[in-house]
Amino acid sequence: MADDDTGPASPTESPALRIREPPKVLVPVEVLEGQSVSTQLVEFLAPAEVVLLGYHVLPEQTPTEQASMQFEDRARGAVDDIAEAFREAGREVETRVVFTHDRDATVDRVAAEADVTAVLLPNPVADVADVLVPIRGAIDAGRLADLVATLLADSRGAVTLWGIDTGGEFDAAAAVDRARGTLLDRGLAADRVRTEVSESDAPARAVIERSPEFDVIVMGESGPDLLSLLLGDPAERVAEGAVAPVLVVRERSG
Amino acid sequence: MSTETREGTNRDGESPEQVALPATEGETTVTEEGSELERSIGLVGGIAIGVGTMIGAGIFVFPGLAAGRAGPAAAGSFAIGAVIALLVALPASELATAMPESGGGYYFVSRALGALPGAVVGLSIWLGLVFATAFYLVSFGSYAAALLTEAGVAFGGAPVVEVLALGFGGLLTALNLLGTENATTLQNYVVGLLLTILVLFLGYGGLDALGVFGAERTPERFMPFGPLSMVTTAALVFTSYLGFAQVATVAGDIENPGRNLPLAMIGSVAIVAVLYVATIFVATSAFGSDSLSAFGETAIVEVARAFGGGVGALAILLGGLLATVSSANASILSTSRAVFAVSKDALLPRTASRVNLRYGTPHVALSMAGGPVLALVALGEVEVLAEVASFLHLVMYGLICVALLAMRRDEPEWYDPEFRVPAHRLVAGLGATASFGLIAFMQRESQVVGGAIMLATAGWYKYYAADVQLKGVL
């Protein structure tokens with residue numbers, strides 16, 4: 001399934017600039033809590049390969065086996081319904097159902113096992129046209145470009161690369177230029193890539209505040225620093241506070 | 001996978017159900033339908049479950065009682081208990097790596113020896129843990145009462161220990177019913193804090209007992225009541241070691257069970273054994289066994305006061321509260337898992353393993369733990385509660401050893417443990433003999449209650465699930 005053509009997303013430029021692989025997106029859904037994936041999001045993600053993870057979190061006093069005995073059929077049914085929506089949008093979907101005590105451990109494990117490019121943290125969304133890419137640290141420009149270029153190839157959406165200068169050694173402007181270059185190389189038209197750079201001491205809050213202007217946020221994973229230990233991962237904080245869904249680009253493993 | 005003997009129905013027409021496939025690898029188990037069950041307890045978490053369940057009684061309840069019965073030889077009683085616990089922990093580890101399933105001891109016995117011994121063990125473990133939990137709660141009540149007394153609250157002769165124990169037992173059950181998000185993390189911290197308090201206390205007390213500071217104390221005869229008293233006391237204090245098998249009841253949640261299960265079980269027995277023997281040594285060196293005995297269930301607080309004054313006493317009181325709560329909570333959780341394992345195999349109505357979708361907790365199984373616990377707490381008989389709990393566990397431990405012998409003799413095709421007990425016949429043989437033998441040294445009252453419970457469970461099996469077959473299947 002990973003070997004087929006890049007499908008509708010494949011840009012038509014010279015082979016050297018072709019996307020190296022169809023990006024793979026992990027979509028975790030808390031199925032038994034009635035969480036689902038909106039049609040707009042399904043359409044937006046359809047150019048990528050999707051791994052649909054239906055999970056159910058249990059308190060520690062409940063053996064996972066016990067819950068699975070009782071709820072497995074319901075969880076499978078709910079996941080299959082969502083998978084059907086993706087299939088109708090033209091993509092085969094890999095589905096997994098997991099009963100767990102620890103959501104983050106499960107998402108991390110499945111993301112690593114399936115070697116996904118990005119993990120979706122779902123939030124409601126209308127039609128996807130504007131994508132915000134906040135850049136506040138070293139980011140894997142290749143992976144980011146593969147993901148954004150593929151997802152936007154067939155739509156008319158635009159991407160905003162927003163360098164956030166936190167006053168450290170990180171050169172936000174240069175990183176934005178690099179990312180823009182890579183996106184153009186991947187075949188995105190120049191008028192669909194906007195760039196801007198601004199300063200902020202609290203990048204996560206700044207992103208949340210601007211989130212209503214955009215439909216999807218794509219950001220990099222950040223390493224464990226003191227602040228994320230205290231407040232949680234910035235991407236998760238953004239996902240909780242923002243109006244838009246967040247795609248977290250994972251660092252390449254190995 | 002041999003499923004041909006997994007059959008038979010109970011009176012309600014239910015037959016044993018298999019959820020997870022026997023094949024396990026690393027971080028997940030896969031069910032028959034292909035869903036994954038995440039394993040999220042690591043080695044430290046496993047050890048914390050073992051130590052957290054075990055560490056309460058031996059240090060915070062028994063020093064006074066045991067010293068009264070055996071004198072300084074009580075340290076020997078704890079050592080005997082540790083040897084027996086290790087002799088059982090080894091076979092249990094091998095079986096757990098071959099069958100890392102919820103239910104632990106019940107699972108091994110029912111698969112190796114058949115449904116009748118399985119039912120007796122499974123139901124006895126449920127009730128044994130109920131007795132153990134009641135015992136931990138009554139101990140908690142003693143500590144809470146002592147702490148209040150320390151704070152200057154006067155009771156005027158009210159039955160405050162039982163009231164506090166009942167209140168807290170109800171609270172723990174309710175918390176578990178509503179779902180405790182970070183129970184495991186909290187348990188790790190509680191155990192860490194507890195170990196710190198104890199190591200400081202034992203470090204200072206040990207140096208003192210060896211005569212490093214202060215005056216040499218009057219030497220006392222090691223066995224003032226003879227060697228037999230050491231063995232009968234071992235039977236009483238064996239309750240202190242009723243925790244390592246609880247690690248096996250959460251086997252389905254432990255990462256990399258082939259490595260972590262044996263390490264957690266054997267490691268937690270080793271850790272608490274050292275602490276217990278050291279505590280008794282320190283306690284009997286600080287006071288004569290007569291005065292220790294007179295202090296009763298909170299004797300160790302007086303020992304701490306002798307070393308560290310008011311601060312020492314408060315630290316140990318705090319430790320006692322943490323330890324008894326952690327043991328009681330771990331036991332309530334294990335009880336509900338034991339009920340689940342038995343109900344999954346159709347030996348109890350399937351309703352007993354229902355999970356409440358709103359809170360995600362096994363509410364029926366938890367109530368089957370919490371309800372009877374409160375009834376027993378009201379009785380308040382510490383020694384009988386402890387011994388009946390020991391009795392029922394010792395029967396299971398003995399049968400676990402027999403189960404290992406049977407498994408090794410038959411070696412079904414699927415039996416492929418990652419850890420094999422060296423000289424298994426000797427270890428399991430000694431473990432079974434010692435476990436069954438220790439029962440003979442208990443008080444008559446506990447033997448009668450324990451025996452009656454076992455007969456009742458066998459009767460239930462004959463009445464309810466006589467057709468259910470479990471031997472030799474996964």
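**Exercise 1. By about how many degrees does helix α2 (residues 64-88) of chain A bend, and at which residue?**

The model is a predicted one, in which local features need pLDDT of at least 70 and side-chain atom pairs count only at pLDDT 80 or more, whereas totals for chains, interfaces and linings use all residues. Residues are numbered from 1 along each chain as its sequence is written, chains are lettered from A and ligands numbered from 1 in the order in which they are written, and side-chain values use heavy atoms, with hydrogens and water left out.

Step 1. Helices are DSSP runs of H or I with at least four residues, strands are runs of E with at least two, and both are numbered from the N terminus.
Step 2. The bend at a residue is the angle between axes fitted to the seven residues ending there and the seven starting there; for α2 of chain A, the bend is about 65 degrees and lies at Phe71(A).
Step 3. Just after α2(A), Gly90(A) has a positive phi of about 100 degrees.

**Exercise 2. Describe how helix α2 of chain B packs with helix α3 of chain B.**

Step 1. Axes are lines fitted to C-alpha atoms, for helices over the stretch in contact, and angles run from 0 to 180 degrees between N-to-C directions. For α2 (residues 62-70) and α3 (residues 74-98) of chain B, the angle is about 110 degrees and the axes are 8 Å apart.
Step 2. Angles under 35 degrees count as roughly parallel, over 145 as roughly antiparallel, 65 to 115 as roughly perpendicular and the rest as oblique; α2(B) and α3(B) are therefore roughly perpendicular to each other.
Step 3. With contact meaning heavy atoms within 4.5 Å, Phe62(B), Ala66(B), Ala67(B) and Ala70(B) of α2(B) meet Ala74(B), Ser77(B) and Phe78(B) of α3(B).

**Exercise 3. Describe how helix α6 of chain B is placed against helix α13 of chain B.**

Step 1. The axes of α6 (residues 160-178) and α13 (residues 363-379) of chain B come within 10 Å and cross at roughly 180 degrees.
Step 2. This crossing makes α6(B) roughly antiparallel to α13(B).
Step 3. Among the residues in this contact are Gly169(B) and Gly170(B) of α6(B) and Gly370(B) of α13(B).

**Exercise 4. Which parts of the chains call for caution on account of pLDDT?**

Step 1. pLDDT is the predictor's confidence in each residue, from 0 to 100. Chain A averages 82, with 87% of the residues scoring at least 70, and over residues 1-16 of chain A the pLDDT is below 50.
Step 2. Chain B averages a pLDDT of 85, with 93% of the residues scoring at least 70, while residues 1-5 of chain B stay under 50.
Step 3. Where pLDDT is low, the predicted coordinates should not be read in detail.
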